Amino acid sequence: MAANMTPRERFLSALNRQPTDTVCVANPTSLATLDLMEQTGCFFPDVHLDADKMATLAAAGHGLLGYDTVAPYFSVINEAAALGCKVDWGDASHMPTVRGHLFHDPDEVGAPDDFLQRQPTRTILDAIRILRRRYGDSVAIVGKVFGGWTLAYHTVGIESFLVSILDEPDRVHRFLDRLSKITVAFAEAQIEAGADAITLGDHLTGDLCRPETYRDFLLPIHQELARRIPCPVLLHICGYTLDRLDYIAHSGFAAFHFDSKNNAKKAVEIAGDRIVLIGNVNNPETLLNGNEKRLVAEVNAAIEAGVPIVAPECAVPLNMESKWLKRIVEVARGR
Ligand SMILES: [Zn+2]
């Protein structure tokens, strides 16, 4: 065991496969719940476009729940909104959603000159700055960006994009090339604002795409992102991913944030020492239902399998009780 560490040191050590003083518990994705909004007075949908409120709600993840990280970008659509997509910002118990697409041809893709100054992107950058001022070097700040695959779902439309995999693979490659430039620009701005690590959501999930699709279309782009984004990148893909984890392990990313649909032991076996795993407590059955027995079993199973950073599998359900998020920390640290 290492000497006492700050939460930031613990998180960064775990990401680097170095020893930690106790088990690292972190959140690459949102910890926002309705009860945390009530406790902080910072509610959806205001927090998505108000940096002070965004930072205050994110800080609850450390201050009220004890996580080693704070992550201020709660939803998935701020880039799409800043690019000009129509967005429904939702309400206190609903995540925002994209309501209309922007691009049909890859040549149309590009970020406006003021992309990073537009309110949906600027809010996240300002929230990171506020959190960095508040915490100094003590708590790890996790930014978040979306990769070309997910940005295509939002700006091109899932169906129109996925149909091209078979019919017009070149269209897919060109979309990914162009959209990924937006990913890099937003990641660099978040690092400059003070992010220690960046979650990259890029949802090439098992229910929609074959593992070879990841290898042929996304892996080269991810390897390029790993080279260009100058901080640890935590790839997040929901759902079943064991069948593509070997390819993901070739990405060069620091970590993979994985879902409870994947057995932790098998995931560790495939990942080896190529990529650090973060996860994988179940959201709908364990956290939303408040199933404590399952929670304890899942936290212990992840740690015993060799997962160095324990976390909920994805953005947590807004209407769950946050005491179960705190319970993850207690179980992980009380061993
Ligand atoms: Zn997810």
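## Basis of the description

The model is predicted, so local features need pLDDT of at least 70, side-chain atom pairs count only at pLDDT 80 or more, and totals for chains, interfaces and linings use all residues. Residues are numbered from 1 along each chain as its sequence is written.

Helices (H or I, at least four residues) and strands (E, at least two) are DSSP runs, numbered from the N terminus.

Eight strands form an open sheet in the order 1-10-9-8-7-6-5-2, with parallel pairing. Two strands count as paired if DSSP finds at least two bridges between them. At the edges are strand 1 and strand 2 (69-70), each of which pairs on one side only.

## Strand 10 and its partners

Strand 10 covers residues 309-312. Its parallel pairing with strand 1 (residues 24-25) has 2 bridges, and Val25 stands opposite Val310 of strand 10. With strand 9 (residues 276-281), strand 10 pairs in the parallel sense over 4 bridges. Here Asn280 stands opposite Ala311.

In a regular strand, side chains alternate between the two faces of the sheet. In strand 10, Ile309 and Ala311 point one way while Val310 and Pro312 point the other way, and all are buried. A residue is buried if 20 or more other C-beta atoms lie within 10 Å of its own, exposed if 12 or fewer, and partly exposed in between; the C-beta atoms are placed from the backbone.

## Strand 6 and its surroundings

Strand 6 (residues 197-201) is joined to strand 7 (residues 233-236) by 4 bridges, and the two run parallel. Within this pair, Leu200 has Leu235 as its bridge partner, and Gly201 stands opposite His236. Strand 5 also pairs with strand 6 in the parallel sense, over 5 bridges. Gly201 is the bridge partner of Phe146 there.

Strand 6 is mostly covered, with 5 of its 5 residues buried. Ala197, Thr199 and Gly201 point one way, and Ile198 and Leu200 the other way. Helix 8 (residues 169-193) lies across strand 5 (140-146) and strand 6, and runs at about 165 degrees to strand 5. Axes are lines fitted to C-alpha atoms, for helices over the stretch in contact, and angles run from 0 to 180 degrees between N-to-C directions.

## Helix 3 against helix 5

The axes of helix 3 (residues 51-63) and helix 5 (residues 119-135) come within 8 Å and cross at roughly 55 degrees. The two helices are therefore oblique to each other; angles under 35 degrees count as roughly parallel, over 145 as roughly antiparallel, 65 to 115 as roughly perpendicular and the rest as oblique.

Residues making the contact include Ala51, Met54 and Ala58 of helix 3 and Asp126, Ile130 and Arg134 of helix 5. Contact requires C-beta atoms, placed from the backbone, to lie within 7 Å.

## Backbone details

Two cis peptide bonds can be described. One runs from Phe44 to Pro45, with omega near -5 degrees, and Pro45 is found in the loop between helix 2 (34-40) and helix 3. Another runs from Gly279 to Asn280, with omega near -20 degrees; Asn280 lies in strand 9.

Arg17 is not a glycine, yet it has a positive phi of about 60 degrees. Its place is in the loop between helix 1 (7-15) and strand 1. Arg17 counts as exposed because it has 10 C-beta neighbours inside 10 Å.

Methods: Contact = placed C-beta atoms within 7 Å.
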